[in-house]
Amino acid sequence: SAKQRLRVLKGSPPKPHRMSSKLQHLKRMVRKQHRAKYGKRCVVKIDEDEYDEYRALSRAYLRNNRERGPNDIVLQFASSGAKLIPQSDVIEVYTIERHPRNPELNGQKGLRAKMLIPTDTIIGEYFGRELLMNEFDDVYGGSKEWLDINQYAQESTLTLHIKASQLKFFTNIECAQYENEGVDVDDDDDDEELEQQFGVVVDGKNSDSPHQSILIYMNDCRKRITMTNVSNNDSDLQNVHFLQVVHNGWPKVLVVAIKDIPIGHDIVTFYGRHQVCWLQDLHRFERNQRN
């Protein structure tokens, strides 16, 4: 994902006073716009055309887990009909003792299948604390916490319609172009409606919560983690990928099996070039701590 890179400086503490309720404001706006357009219908959208066949699978997963807690998630295999299977019966966290490709993973946590997982099974949601991207950078930029969160963070994109006068509040940027054009952004009669995108950070580590998504323990399929792309052997090993969906107007990150995963096999994905960027920032921070 295209994350904004920040220079991680030595000893910079977080700035929690910069956190606001903007995300909750956006959630209320999304709910209002969804109800106005769709009523009580459950609507799932997927931007990637090649993943369109996952729309029905995503809708079923979200419906089945709508009123369930993080420790009560259920999955549904295409081969099992309407039967719901507890996620805890399907996948488990374990400690890696002897990794056949990456010795650096020895002693680390991994995720593996407890039963055969069929292709196209949605194995869960990559959930966690949600933060607006600009507030995440404002609060944690330059701190060790920025690194810790980014190790397990995923980014999604929220798109909604807002008034021009609201841009200043949600983006922390002056609306100079409207003021220069002589438009009073506080005047409802001239308040243009715009389609705006916001980056949303999903903090999978979520240290302040007793509940974390089990999917944070998926390892990367790359043998050489500093490569920005995958080799042919890496691609052969990857067995799940991230699926960005929009559920009733709000973005979510699901994980879906792209091939059958035999019992006992590691569940591995491709985290993209963000993993390389995170390692570079980690090493930069460590050098700054020494110097």
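This is a predicted model: local features need pLDDT of at least 70, side-chain atom pairs count only at pLDDT 80 or more; totals for chains, interfaces and linings use all residues.
Is Thr-121 buried or exposed? Thr-121 is buried, with a relative accessible area of 2%. The protein chain has 291 residues, and buried residues make up 43% of them. Its secondary structure comes to eight helices and 13 strands.

**The chain as a whole**
- Take the contacts between residues at least 6 apart in sequence: 73% of them join residues at least 24 apart.
- The chain exposes about 16,000 Å², and carbon and sulfur atoms supply 46% of that area.

**The loop between β5 and β6**
- Back to Thr-121: you'll find Thr-121 in the loop between β5 (109-113) and β6 (122-125).
- Not counting residues up to four places away in sequence, Thr-121 touches Gln-76, Phe-77, Val-255, Val-256 and Ala-257.
- Asp-120 is in the loop between β5 and β6 too, but Asp-120 counts as partly exposed, at 32% relative accessibility.
- Asp-120 also has a positive phi, near 75°, in a residue other than glycine.

- Asn-248 isn't a glycine either, yet its phi is positive at about 55°.
- Look for Asn-248 in the loop between β11 and β12; at 24% relative accessibility, Asn-248 counts as partly exposed.

- In soluble globular proteins, nonpolar side chains tend to be buried together.
- Here, the largest nonpolar core has 34 residues, and the ones touching the most other members are Ile-117, Ile-123, Tyr-126, Leu-215, Met-218, Val-240 and Ile-267.
- At least two residues of this core come from each of α2, β5, β6, β11 and β12.
- The biggest giver to this core is β12, with five residues.
- Apart from it lies another core, of 15 residues, including Leu-160, Ile-162, Val-200 and Trp-250.

**Helix α2 and its cover**
- Helix α2 covers residues 55-64, and its buried residues are Ser-58, Ala-60, Tyr-61, Leu-62 and Asn-64.
- What covers those buried residues includes β1 (44-45), β2 (74-75), β6, β11 (240-247) and β12 (250-257).

**Aromatic pairs**
- The count comes to six aromatic pairs.
- One of the pairs is Tyr-126 with Phe-242, edge-to-face, at 5.9 Å centre to centre and 75° between the planes.
- This pair links distant parts of the chain: Tyr-126 is in the loop between β6 and β7 (129-132), Phe-242 is in strand β11, and they are 116 residues apart.
- Both partners are buried, with Tyr-126 at 2% relative accessibility and Phe-242 at 14%.
- Phe-136 and Tyr-140 make a tilted pair, because their ring centres are 5.8 Å apart and their planes sit at 45°.
- Phe-136 and Tyr-140 are four residues apart in helix α3 (residues 133-140), so about one helical turn separates them.
- Phe-136 is buried at 1% relative accessibility, and Tyr-140 is buried at 12%.
- Ring pairs also link Tyr-126, Phe-242 and Tyr-271 into a cluster.

**Charges over rings**
- The charged end of Arg-112 sits over the ring of Tyr-94, 4.2 Å from the ring's centre.
- Over the ring of Phe-169 sits the charged end of Lys-22, 5.2 Å from the centre.

How values were computed
Residues are numbered from 1 along each chain as its sequence is written. Side-chain values use heavy atoms; hydrogens and water are left out. Buried means under 20% relative accessible area, exposed over 50%, partly exposed in between (1.4 Å probe, protein chains only). Contact means heavy atoms within 4.5 Å. A nonpolar core is a set of buried Ala, Val, Leu, Ile, Met, Phe, Trp, Tyr and Cys residues joined through side-chain atoms within 4.5 Å. Accessible areas come from the Shrake-Rupley method with a 1.4 Å probe; for residues, only the protein chains shown count as cover. Rings of Phe, Tyr and Trp (its six-membered ring) pair if their centres lie within 6.5 Å; planes under 30 degrees apart count as stacked, over 60 as edge-to-face and the rest as tilted. A charge sits over a ring if NZ of Lys or CZ of Arg is within 6 Å of the ring centre and within 35 degrees of the ring normal.
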